Amino acid sequence: AAAEVAAGAAYELRSAFLGEPVRGWLMRNMMPVITEALAEVARDRQLNPIFALAARLRGKADEVDGGYIDPYTDERYEVQAQKLTDKAERDRARAAAAQAKAEKELATKLAAKEAALQQAAEEAAAA
């Protein structure tokens, strides 16, 4: 039964990923680690080789995970976050300044138009 399950899983893997790209990835990323762990287990002749293999793989996973930098806790990313916050604040200030300028220009145009209408009314009244 276990052999049938393993054969089914292998078939599904081949079907899902269509072979060569997955094989290449596995050969580059997984096989060196697995081969090293298997060699260590075979060299040490552990009583429970599966447990020993799992422990070695877990140790390698912890090693790889130790190199991971969490962008939410690393202080180097705080600088970038501050830059983004500062940029957003500058953008808001620019938008507010542009809005104020547009309102001032509109008020000037309306005042000029009103003055022109008033002058035209005065000229019509004088004629």
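## A helical protein and its salt bridges

Let's start with a pair in helix α3: K60 and E63 both sit there, three residues apart, which is about one turn of the helix. Helices here are DSSP runs (H or I, at least four residues), strands likewise (E, at least two), and both are numbered from the N terminus. The side chains of K60 and E63 meet in a salt bridge, at 3.4 Å from N to O. A salt bridge here means a side-chain nitrogen of Lys or Arg within 4 Å of a carboxyl oxygen of Asp or Glu.

A word on what you're looking at. This is a predicted model, so local features need a pLDDT of at least 70 and side-chain atom pairs count only at pLDDT 80 or more, while totals for chains, interfaces and linings use all residues. Residues are numbered from 1 along each chain as its sequence is written, and side-chain values use heavy atoms, with hydrogens and water left out. The pLDDT is the predictor's confidence in each residue, from 0 to 100. The protein averages 83 on that scale, and 90% of the residues score at least 70.

The fold is quick to describe: four helices and zero strands, running α-α-α-α from the N terminus on. Of the 127 residues, 6% count as buried. Here buried means under 20% relative accessible area, exposed means over 50%, and partly exposed is in between (1.4 Å probe, protein chains only). The protein exposes about 11,100 Å², with carbon and sulfur atoms supplying 61% of that. Accessible areas come from the Shrake-Rupley method with a 1.4 Å probe, and for residues only the protein chains shown count as cover.

Back to the salt bridges, which come to seven by the rule above. One of them joins E40 to R56, with the closest N and O atoms 2.7 Å apart. E40 lies in helix α2 and R56 in helix α3, so this pair ties together parts that are 16 residues apart in sequence. E40 and R56 also belong to a network of salt bridges that links them with R43 and D44.

| Residue | Class | Relative accessible area |
|---|---|---|
| E40 | partly exposed | 22% |
| R56 | partly exposed | 24% |
| K60 | partly exposed | 29% |
| E63 | exposed | 55% |
| D91 | partly exposed | 33% |
| K87 | partly exposed | 41% |
| A54 | partly exposed | 43% |
| R45 | exposed | 71% |

A54 lies in helix α3. The C-alpha atoms of A54 and A37 are separated by 8.7 Å, and the two residues are 17 residues apart along the chain.

Most residues other than glycine have a negative phi. R45 is not a glycine, yet its phi is positive, at about 50°. R45 is found in the loop between α2 (20-44) and α3 (49-66), and R45 is exposed, with a relative accessible area of 71%.
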